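Here are my notes on the model you sent over. Have it open while you read, and start with the surface.

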Amino acid sequence: MNRFYPYPLIAREGWCAIGVLVALSAYSAYAGGRWTWWLLGATALAAYLFRDSVRNIPMDDDVVLCPSDGRVVLVEKATDPVQNVDALKISIYTGFFRGYAVRSPARGRWVQADLVGGKHCWAWRDKAGLLNRRYVLQLQTDAGVRLTMVQSCGKLARDVQNIAVANETVVRGERLGFTTLGGRVDVYLPIDVVPNVAIGDRVKASSTVLARLAQENAA
């Protein structure tokens, strides 16, 4: 199990919003405002949503890890949007009150990392990963297996954040970006993988095993 995670407990992406809320809370308390407790509650909520905690990361060679916290909303055969081949598609809806961090599902090298413009549909809809503003990422694992990951924003967030760069290497569990205010992550895996989750399952980034690769692919 790998317990090393070189990022602050509260992600930097949330520092600005939290700082503003802290300042407003302090001013309200100083002025005797009646909104102080509401502002303190909003500050605590923001800190909770932008948490980026250490996870116990399974290190088995044949596993693909869940890239985000949330709930599994789809497990089905589909067409990989990058490779245009049959694939097993597993979709995670992050929701509003779960952790926003998105992490790498495996160790390898990014082959593609493109931002694609689009709409702002509710992320729980099946077509959100094909219609919404999104990052389309393709990862080639150390074993040579190619996985596609689509990180989409939802109805409320107007943008999607990701720092993956093509041709750069990545380790499993490394933070890639955020899906704020209810986003979606679709993972397209080789058609012969064995899924380890089902629709309705609650999952956690980097600690939940999403699927296991076939032995010939994991070798």
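1. Bear in mind that this is a predicted model. The protein exposes about 10700 Å², and carbon and sulfur atoms supply 57% of that area. As for what is tucked away, 49% of the 219 residues count as buried.

2. On make-up, I see four helices and 14 strands in the protein. The radius of gyration is 18 Å, close to the 17 Å from the globule rule for 219 residues, so the protein is as compact as a globular protein of that length. The C-alpha trace spans about 65 × 35 × 30 Å along its principal axes.

3. How do the contacts run along the chain? Taking contacts between residues at least 6 apart in sequence, 73% join residues at least 24 apart.

4. Three strands make up an open sheet in the order 4-10-8, with antiparallel pairing. As a reminder, strands of a sheet pair through backbone hydrogen bonds.

5. Zooming in on one pairing: strand 8 and strand 10 (residues 175-178) run antiparallel and are joined by two bridges. Which residue stands opposite asparagine 162 in strand 10? That is glycine 177.

Definitions and conventions:
Residues are numbered from 1 along each chain as its sequence is written. This is a predicted model: local features need pLDDT of at least 70, side-chain atom pairs count only at pLDDT 80 or more; totals for chains, interfaces and linings use all residues. Side-chain values use heavy atoms; hydrogens and water are left out. The radius of gyration is taken over C-alpha atoms; the globule rule is 2.2 Å times the number of residues to the power 0.38. Buried means under 20% relative accessible area, exposed over 50%, partly exposed in between (1.4 Å probe, protein chains only). Contact means heavy atoms within 4.5 Å. Accessible areas come from the Shrake-Rupley method with a 1.4 Å probe; for residues, only the protein chains shown count as cover. Two strands pair if DSSP finds at least two bridges between them.
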